[in-house]
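Let's take a walk through this one together, starting with a sheet and ending at a pocket. Have the structure open as you read.

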Amino acid sequence: MRISEIRIENFGKLRNVQFAPGPGMNLVYAPNEGGKSTLHAFIRGMFFGMARMRGRAARTDTYSRYEPWENPEIYGGRMRLECGGKQFRLSRSFSREHARSELVCETDGERLSVEDGDLEMLLGEVSEVVYDNTVSIGQLKGLTDRDLLSELRNYISGCQEGMDAGLDLGKAREQLRGKEREFLRQIRQESEKQAQRQKILEEKIREHQKVCQQLLGERVPMGEKEEKTEAESLQEARRGSKKQSLFFFLIAALLSGVCVLAEAPVWTAALLLLLGGVGAWAWIWFGKSRMEEQNIRVKIEQRMQSEKIRWQAQSLEERIREEESLLENLRSEYEQSRQESAQEHPLQTEIRALELARQTIEELSGQMQKAMGRMLQKRVSEIFCGLTRGKYRQIELDAQMCLGVHTEERYIPAENLSRGTLEQIYFAFRMAVGELLCREEPLPVILDEAFVLYDDERLAQTLEWLAQCGHQVILCTCHRREERMLRDLGISFRKITL
């Protein structure tokens, strides 16, 4: 990809700026505070947009930093890009009220969509983070030598961790972890539901056990009540028979006493006893009839009472059987629930499969990191060797992120290297990583005062390498040194003055 035209309508301090970068080296000259960093930010914003932060962060974010003071409703511009043999026009308005983006293929007139990812495809699916850490380079003059070495090591470590970005193994690992967390959440929820269900079953079992005990306690007294009713009937009959015998004996004794006291003749006494006996017998017979009627009535009542008790007993037995059956079902359900809880959840198999997949990805990732690390180290060494015109032949990086370089005579640890050499290594790493991660589409290299601390020799070496790297280069500077050196080296370039 190359940028064939840049038109800045209103962005920061730049207004109505238009120029056409060439395919190779482009030298953008402007004095200090002349708009070089603004141009750098504009190109980045056109590629990836400018999200406005919220709250306090909005005061110092990139959007607010470059929002124009005059005519803020006009905030944006246009670029033309050449990619894959076609010409594209990219327009953006960053204004809050009139935010829009437009991408048109001018070769065939097709309207594309930035929101749907068409611009990302033109950029070779390169993310904003990759862009910022490869082909978009600013100056490191704020770092000391020790800080630069630390920054370099952190950068290299981050690169090695992200060397699998082409296959997005990190995203795959995160997706597997997310799926595993989801399965574990389902298992936990189902286990909690199972435990709650068992708790409810335990409470129901205790309740029905209590009811069964109460019903069984009622069954014994009911049988005793029926036996007691029969015993009382028999005892009542016996009491009636005793009363009749006692009454007859009393009448006979009374008549005999009267005859003795009256000194009546024998036949008179006999007659009286006869009459008394007949009267007593008649009375007893009459009383017996009444007693039999009463006994019949009592027996009927007793039979009815017995039937009632028997019916209550049957009803009680049915209730007992129902409660026992229900209790048995609850116990079976509770035991089944316990067995299910003790068994392995089916999702555990899925979790083991996910863990195996994640381990496989980790192994593949490690292997790829080693392979890509070797490729990266080889390419960095080649670039660095070209930048130093063969003075340093190879860069060495061990597992502990200890960095050093080999010359023809000896090995030099990074701690003993000069600031300029460290910056060249940093530059070589960025270019090498850019080649590995931006394979789909070689992006323009944007350099914003990246070589301020380079001496003339290092600058010449770097400019020669950039002229041969095959990328479009936009070099922003406030010095005349780069222009003079490009002319001395015979490198063709297009000069743009802001």
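A quick word on terms before we look: two strands count as paired here if DSSP finds at least two bridges between them. Keep in mind, too, that this is a predicted model.

With that in hand, find the open sheet of 3 strands, which runs in the order 9-10-11 with antiparallel pairing. In general, strands of a sheet pair through backbone hydrogen bonds, either parallel or antiparallel. Which strands stand at the edges of this sheet? They are strand 9 (394–397) and strand 11 (411–413); each has a single partner strand, so one side of each is left without a neighbour in the sheet. Going from one strand to the next, the twist averages 25°.

Now zoom in on one of those pairings. Strand 10, residues 403–406, meets strand 11 in the antiparallel sense over 3 bridges.

Next, the largest pocket, which holds about 860 Å³ of space. Its lining is made up of 34 residues, and the ones nearest the centre are Ser37, Thr38, Arg65, Tyr66 and Asp448. Which elements give two or more residues to that lining? Helix 1 (36–48), helix 2 (62–66), helix 4 (128–132) and strand 8 (136–138) do. Helix 1 gives the most, with 8 residues.

Conventions
Residues numbered from 1 in each chain as written. Predicted model: local features only at pLDDT ≥ 70, side-chain atom pairs only at ≥ 80, totals over all residues. Heavy atoms only, no water. 1 Å grid on protein atoms, 1.4 Å probe; cavity = no way out; pocket = protein on both sides within 12 Å on 5 of 7 lines; lining within 4 Å. Points joined across faces, edges and corners; volume = space filled by probe spheres on them. Helix = DSSP H or I, 4+ residues; strand = E, 2+ residues; numbered from the N terminus. Axes fitted to C-alpha atoms, helices over the stretch in contact; angles between N-to-C directions.
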